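Thanks for coming, everyone. Let me put the model up, and then I'll walk through it piece by piece.

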Amino acid sequence: MKILLTRSSVALCCALLTGCSVSSPSVPTNSAARLIDFGPELRFGNNKKNPSTPFLRFSPDARLFVIWTEDHETPWPAGKSHSAHGSKSGDRASSPMRNAVLSWSNDGGKTWSNPKRINDKVEAVQGEENGPKIAFAPNNKAFIVWSIPGGKGDKTRANIRFAMEDGEGGFTPARTLNEVKDAGRFPIIEAMPDGNFIVAWIDRRIDNPKPRQLYLMKLDPRGQSLTKNYQVGQGLCECCKLGINFADGGKTVYMVDREVDDNKIRNHVLRKSIDGGASFAAPVEISNDGWQVPSCPHSGPSIGSDRRGRLHVSWFTQGRAEAEAGIYYSVLKDGGETFAPRTMIHGNTAPETLYNNLVVGNDDTVYFAWTNLDASNRAQVYMRTLAPDGQTWGAIQQISNAKGNASRAALALKGNQLHIAWTEIDGEDSRVVFRSAQVSQ
Amino acid sequence: MKTLALVTRLIRRIPPFEKGGRGGIFLSAQGANPPQSPFFKGGKISKFRSAAATCAIATILQTNAIHAQHVHTPPPSVAPTIGSAAVPFELKTLDGKAAGLETFRGKPLVLNFFASWCDPCREEMPQLNEMAASAAGRYHLFGVAVEDTRAAMTEFVNEAKITFPVALDPNSTVKRRYRIFGPPATFFIDSQGVIRDVVLGPLTAERAKQALKKVGASR
């Protein structure tokens, strides 16, 4: 009887496998969707200088810019001595000094300008999740922010630096934006529809009570400060990136971040301003994930909006159990205050906080990129799409093929040009890898 | 429809996955739990349930992720827990010396995972330095720098005046073996290589004292 049942089960299984391919699954996937057809890999920067931490963005005149960091040539800052720990081995420079470097393409990423160093002085431009960010004025001038360790070399008590194109082929001397020194981290910059810029970062000038605060300031199109630093939120997780988005011609500003409460529970929130970023309402929880972690996770959330005004958010959480760990997605419709229940984009296969990013196409397709581990336990970059209907998910597609680990993918999308760049690390060497694809819009 | 109804009945007879297991396409290394009681009868998997479970899993895979090209094959993973043997590793310290679990056998080991970019790691560093200074041969203290570069870690070692040996974990191999979601994390391993305590988050003096006692390294 058992054998009969087993056979019948197997038969049923086969029937199901055949039948389900045409049935309507509870989480629709687009069976007809082609994988995104990416071109070959390109590398940025001087491989001997360990390029890393790329960020991509289109300028208003449709040039694609990439910004990254790489080692400075000077082997060691003058006056500093090597400690017993400091003997050099491997290819990594023994100096923490790194430069922010920029290049652009006006043919969709096929050819690139000669890289230009942005920081006028040699400094330890921070990378990883804290890498330089770029935004553009309506006249195509690039505005760039980055962070450098504080006076004592402390990466967690850093300073926010700013420079812009000077109109003569170079960059203005960098200046520090945080008025209280050694207090900022994770800067982002975004061009507002009115031509001004918002710079935001995680601040620890009020170091007690913990945790961190969200600070903003505004710059005008000449790079002059329009405001002083001002606090718009608190309770932020200390070590992960922020996200920002605009609506209503810039009157409405949305920001996403990871919050941490007294019990070290880290949920992600949306902050909304209806006065152009001057003030923000109380944060709205995106999902009550209940992720309790006393240590230092990174990989913050991402946000994007579509033509219908829907806000799309992705984030990593470990949830309440390891089984819940993964990259999640939710959407906020009609400017409401309630997010749809979270949907898992990709489960986590190992103890790893997964960096994630998203961009939204002109047809409202959402493109997600994130890091996860492959079968060999190496971190790779993956992508997936969500169709404009908000329900049909594309295939999960591995984009990188790193020998070591690939992580922190940046995305840029304009029309049907989709671009992705990430950092690959193998041993002590790193490189920046870039790929492009044509997508249907 | 009859087929579907029958399948529904079959699947209903399968008890749910145990809490802590993983479902659907996202079955992965996390839990690394073999199916527990729901699929076992006296240590053997029931053929009926096995087949039905296969059917159910196939259904889930089919419906939820048939188009996913990448289905993770769970890498072997044993979460190091209190009472289990510490996971072996081989690393090189910043000054080039080989160091692994075996290097420290015979005395308790305090194995600390940290990073230069990590706030709570900086917070706990004075405590670790204090422990290193007062170890007096009773135990070893070893730091594993995760997701960090040689230059940044060297700078941090100088800045925080770290006195215990530190190694980079260049491809995150050891971090993943010890299942570290985010630093800091400290494993207290006894002289026989058995994990006796784990502290996630910054280590305090009181917590360190308790843990050292468990590995037989208290004063």
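Chain A has one helix and 28 strands. Helices here are DSSP runs of H or I of at least four residues, strands are runs of E of at least two, and both are numbered from the N terminus. This is a predicted model: local features need pLDDT of at least 70, side-chain atom pairs count only at pLDDT 80 or more, and totals for chains, interfaces and linings use all residues. Residues are numbered from 1 along each chain as its sequence is written, while chains are lettered from A and ligands numbered from 1 in the order in which they are written.

Burial next. Of the 441 residues in chain A, 51% are buried. Buried means 20 or more other C-beta atoms within 10 Å of the residue's own, exposed means 12 or fewer, and partly exposed is in between, with C-beta atoms placed from the backbone. Now contacts: two residues touch if their C-beta atoms, placed from the backbone, lie within 7 Å. Take chain A contacts between residues at least 6 apart in sequence: 51% of them join residues at least 24 apart.

On to the core. The largest nonpolar core holds 156 residues. By nonpolar core I mean a set of buried Ala, Val, Leu, Ile, Met, Phe, Trp, Tyr and Cys residues joined through C-beta atoms within 7 Å. Among the members touching the most others are A:Ile67, A:Ile144 and A:Ala200. Leave aside neighbours within four places in sequence, and A:Ile144 contacts A:Ile67, A:Ala100, A:Ile118, A:Pro132, A:Ile134, A:Ala163 and A:Met164.

Now strand S4 of chain A, residues 98–105. Strands pair, by the rule used here, if DSSP finds at least two bridges between them. A:Leu64 has A:Ser105 as its bridge partner. S4(A) also pairs with S5(A), residues 116–117, antiparallel over two bridges. There, A:Val101 stands opposite A:Arg117.

A:Ala62 is not a glycine, yet its phi is positive, about 70°. With 12 other C-beta atoms within 10 Å, A:Ala62 is exposed. A:Asn140 also has a positive phi, about 75°, without being a glycine. That residue lies in the loop between S6(A) and S7(A). A:Asn140 has 14 C-beta neighbours inside 10 Å, so it counts as partly exposed.

Back to buried positions. A:Tyr215 is in strand S12 of chain A, and 27 C-beta neighbours inside 10 Å make it buried. Its C-alpha is 5.6 Å from that of A:Ala200, 15 residues apart along the chain.

Finally, chain B. Between H5(B) and S8(B), the loop includes B:Pro184. The peptide bond from B:Pro183 to B:Pro184 is cis, with omega near 0°.
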